[in-house]
Amino acid sequence: MEMITKMVLERPVVIYSKTSCCMSHTVKTLLCDFGANPAVHELDEIPRGREIEQALLRLGCSPAVPAIFIGGELVGGANEVMSLHLNGSLIPMLKQAGAFKEKLGLKLAQGEANSLSNMVHFDNVRLEHDVALELHSTRGVLAGERARMFQLQKKKSKTNMDV
């Protein structure tokens, strides 16, 4: 029980689930689509999953999964979450628990990453442009030098022919 208490206080929304449970999948999809970003603990994939499942049954979760906690409180299973959604109280409950703050932080982080990516791209484009100009300039100098050398060779050939 203590382990569950600790786990549900780590995040605003916590779901205990099993990978084979279609109702767990439905609840996870619903909450993720709202942007709640729940912590999901798949009891059939984690150590002590069976022990957690037994503790959820003792808490009154029947069946044990899905078990949804919002704001550290047991909301119940899929039926309870769907009822809250249908009567319009699920989203306010998620907001009150702070479930959407993490998504906002993620959006801000993504915005900063995009901004940095754009700056790097701009710098790369500018660098490519500068290199292209330098290359063009160097080619122009080389072409001029070739022309001068050709003229000198031509002059030298003419001088050698005159001799």
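The legends below accompany close-up views of a predicted model.

Residues are numbered from 1 along each chain as its sequence is written. Because the model is predicted, local features need pLDDT of at least 70 and side-chain atom pairs count only at pLDDT 80 or more, while totals for chains, interfaces and linings use all residues, and side-chain values use heavy atoms, with hydrogens and water left out.

**View 1. The protein as a whole, with 6 helices and 4 strands.** Helices (H or I, at least four residues) and strands (E, at least two) are DSSP runs, numbered from the N terminus. From the N terminus on, these elements follow the order α-β-α-β-α-β-β-α-α-α. Of the 163 residues in the protein, 28% are buried, where buried means under 20% relative accessible area, exposed over 50%, and partly exposed in between, with a 1.4 Å probe and protein chains only. Among contacts (heavy atoms within 4.5 Å) with a separation of 6 or more, 62% join residues 24 or more positions apart.

**View 2. The open sheet of 4 strands, in the order E2-E1-E3-E4.** The pairing in this sheet is mixed, and two strands are taken to pair if DSSP finds at least two bridges between them. Strand E2 (39-42) and strand E4 (73-76) stand at the edges with a single partner strand each, so one side of each has no neighbour in the sheet. Neighbouring strands are turned against each other by 25 degrees on average, direction ignored; axes are lines fitted to C-alpha atoms, for helices over the stretch in contact, and angles run from 0 to 180 degrees between N-to-C directions. E3 and E4 pair in the antiparallel sense over 3 bridges, and here phenylalanine 69 stands opposite leucine 74 in E4. Helix H2 (residues 22-34) packs on the sheet, where it touches E1, E2 and E3, and its direction makes about 160 degrees with that of E1. H3, in turn, lies across E1, E3 and E4 and runs at about 75 degrees to E3.

**View 3. Strand E1, with 5 of its 5 residues buried.** In a regular strand the side chains alternate between the two faces of the sheet. In E1 both faces are covered, with Val13, Ile15 and Ser17 buried on one side and Val14 and Tyr16 buried on the other. E1 pairs with E3 in the antiparallel sense over 4 bridges, and with E2 in the parallel sense over 4 bridges. Tyrosine 16 stands opposite alanine 67 in E3 and opposite histidine 41 in E2. The chain crosses from E1 through H2 to E2 in a right-handed β-α-β crossover, a term that applies if, with the strands pointing away from the viewer, the path from the first strand over the helix to the second runs clockwise.

**View 4. The largest nonpolar core and the surroundings of leucine 56.** A nonpolar core is a set of buried Ala, Val, Leu, Ile, Met, Phe, Trp, Tyr and Cys residues joined through side-chain atoms within 4.5 Å. This core has 16 residues, of which Ile4, Tyr16, Ile52, Leu56 and Phe69 touch the most other members. Helix H1 (2-8), strand E1 (13-17), helix H3 (49-59) and strand E3 (67-70) each supply at least two residues of the core. Leaving out residues up to four places away in sequence, leucine 56 touches Ile4, Tyr16, Leu43, Cys61, Ala64, Ala67 and Phe69. A second, separate core of 15 residues includes Ile15, Val27, Ile70 and Leu84.

**View 5. Glutamate 42 in strand E2 and serine 20 in the loop between E1 and H2.** Glutamate 42 counts as buried at 13% relative accessibility, whereas serine 20 is exposed, with a relative accessible area of 67%. When its neighbours within four places in sequence are left aside, glutamate 42 is in contact with Ser17, Lys18, Thr19 and Lys28. The C-alpha atoms of serine 20 and glutamate 42 are separated by 9.5 Å, the two residues being 22 residues apart along the chain.
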